[in-house]
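This report describes a chain as a whole and then turns to one of its strands. The sequence and structure are shown first.

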Amino acid sequence: MIRSIACFLVSGTFWLVAAPSFGQWNVTTFDDAGAGLGQINNQDEGEGLVRIQAPASGPTGFDVINFHDSGNQGQFTGATQVAYPGVSGNDFAVLIDGFVNLPGGFGTSVTTNLGINSDDGYTLRINGVFLDERGNQGVPNDNGIWNNVTLHHGDYIRIMQYERGGGASVEVLSDTDGDIGTTGDLNLLGSAASGVDLVGTSVI
């Protein structure tokens, strides 16, 4: 059940965020079946699917992002790993978004290495500003893509992941040193251990 819509303006662009009845990350999935786009081969086609197709599922709230459909898995393969809601197989897109909610509230921030393990590709934006994108990657636990970022209370994180074919999975991670080869400092972003909470509606 959707209770509210948050409207977010950055650089002249409005981002509409449908908030589920419980918080954390918002996850909305889109299936190419019936959309007429054919194969979802890159970020632009993934974004196009998000724009024109009705959601297959969501928005649904998830504490952390750790989805797996088939093929290679990521760093976290235990109880936090779940199936994508509403989609499976080939040619789909996943919109993952949320607002940073820090214990200290407005004016507080935390610096972290933000990583995305993704099969296939993704686009990452914070507050509407492009930060990173990757194409078809195929082996998510070997990606090691890190962006050293300072996250402020109220920042809006938006990730669009797309799947072309074969295996599919995605994790959103934080890591103290940005090296997935070291142990003890790798966490799923949004978990208590990561020190960063995500909520579905604006906290400003």
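## The chain as a whole

The chain contains 1 helix and 14 strands; helices (H or I, at least four residues) and strands (E, at least two) are DSSP runs, numbered from the N terminus. This is a predicted model, in which local features need pLDDT of at least 70 and side-chain atom pairs count only at pLDDT 80 or more, while totals for chains, interfaces and linings use all residues. Residues are numbered from 1 along each chain as its sequence is written, and side-chain values use heavy atoms, with hydrogens and water left out.

Of the 204 residues of the chain, 51% count as buried. Here buried means under 20% relative accessible area, exposed means over 50%, and partly exposed lies in between (1.4 Å probe, protein chains only). Among contacts (heavy atoms within 4.5 Å) between residues at least 6 apart in sequence, 72% join residues at least 24 apart.

## Strand β8 and its cover

Strand β8 spans residues 122-126 and is mostly covered, with 4 of its 5 residues buried.

## The partners of β8

Two strands pair if DSSP finds at least two bridges between them. Strand β9 (residues 129-134) runs antiparallel to β8 and is joined to β8 by 5 bridges. Thr 123 has Glu 133 of β9 as its bridge partner. In the hairpin of β8 and β9, 2 residues lie between the strands, and Asn 127 takes a positive phi near 55°.

Strand β11 (residues 156-163) is also antiparallel to β8, with 5 bridges joining the two. In this pairing, Leu 124 stands opposite Ile 159 of β11.
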